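Please examine the sequence and the model before reading on.

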Amino acid sequence: YFRLQEKSTGTYMNIYDNSTHGKETRGGVNVTTKNESNDGQIFQFIESGTNYKLLSKTGYYITWAEWNVNADSKENGADLTFEPTATELEYLINCAKGYFKIDDDKGTPSLGKFVYSDGAQSAAATWVLEEVVYYTVTATAGEGGSVSPLTSTIEKGNNVTLTATADSDHRFVGWYNGETKVSEANPYEFAVTSNINYEARFGEP
């Protein structure tokens with residue numbers, strides 16, 4: 001998975017809505033600030049011959065109509081060509097209409113900037129690919145209590161919180177990774193940097 005950052009503004013391609021916009025002042029894809037909880041900013045590359053289709057984590061394909069870039073839930077996303085620039089992981093995006101560019105909503109500028117499909121190469125936006133990595137956090141409970149959540153899938157660098165609940169005749173002792181005690185905090189919040197397993201251990205009062 002990747003986020004696509006528009007280099008000049010530092011904003012990210014985003015699914016604004018999934019309506020089809022043809023000869024309108026904007027399409028269904030805009031650029032916004034990074035939001036790590038927004039799956040509409042996260043895309044998967046689907047090979048299509050020598051080109052790619054972009055599928056958002058929310059299930060919408062990137063497509064276009066007239067001069068607008070849109071989001072469609074059907075499997076008819078546009079074939080896109082990613083033209084590399086001189087810098088690694090930076091690309092121009094080209095479709096059958098033209099290059100992807102960004103501009104203010106032509107009808108209501110206060111709505112912000114949207115992605116358009118009819119740019120000349122000289123006006124094309126440069127897109128920086130940022131890989132999105134996910135890790136799995138697994139929590140188990142020893143005898144005398146329970147934990148929540150049992151399994152979490154978290155983007156690298158984001159925080160997760162584990163909570164242990166001791167039975168009435170036990171007390172919480174700590175979080176262990178193997179035989180190493182990691183923390184006695186409860187709840188326990190930490191940044192996720194790898195797949196990890198923690199066990200909550202309990203003892204008698």
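Among contacts in the protein chain between residues at least 6 apart in sequence, 54% join residues at least 24 apart; contact here means heavy atoms within 4.5 Å. The model is a predicted one, in which local features need pLDDT of at least 70, side-chain atom pairs count only at pLDDT 80 or more, and totals for chains, interfaces and linings use all residues. Residues are numbered from 1 along each chain as its sequence is written, and side-chain values use heavy atoms, with hydrogens and water left out.

The protein chain contains 20 strands and zero helices. Both kinds of element are DSSP runs numbered from the N terminus, helices being H or I with at least four residues and strands being E with at least two. The C-alpha atoms fill a box of roughly 70 × 35 × 30 Å, taken along the principal axes. The radius of gyration of the protein chain is 23 Å, whereas a compact globule of 205 residues would have a value near 17 Å. This radius is taken over C-alpha atoms, and the globule rule is 2.2 Å times the number of residues to the power 0.38. Of the 205 residues, 44% count as buried, where buried means under 20% relative accessible area, exposed over 50%, and partly exposed in between (1.4 Å probe, protein chains only).

Strand 16 is joined to strand 19 by four bridges, and two strands pair if DSSP finds at least two bridges between them. Within this pairing, Asn159 has Ala191 of strand 19 as its bridge partner.

Asn158 lies in the loop between strand 15 (151–155) and strand 16 (159–166). What does Asn158 touch, not counting residues up to four places away in sequence? Its contacts are Glu36, Phe190, Ala191 and Val192. With Glu36, the side chain of Asn158 also makes a polar contact of 3.5 Å. Such a contact is a pair of N or O atoms within 3.5 Å; within protein, one must be able to donate a hydrogen and the other to accept it, and residues adjacent in sequence count only if both atoms are side-chain atoms. Asn158 counts as buried because its relative accessible area is 17%.

Strand 17 (residues 171–177) has antiparallel pairings with strand 20 (residues 196–203), over five bridges, and with strand 18 (residues 180–183), over three bridges. Arg171 is bridged to Gly203 in strand 20, and Asn177 to Thr180 in strand 18. Strands 17 and 18 form a hairpin with two residues between them, and Gly178 in the turn has a positive phi of about 70 degrees.

Thr11 counts as buried because its relative accessibility is 15%. The side chains of Thr11 and Thr9 make a polar contact (2.5 Å). Not counting residues up to four places away in sequence, Thr11 touches Leu4, Gln5, Glu6, Val31, Thr32 and Thr33.
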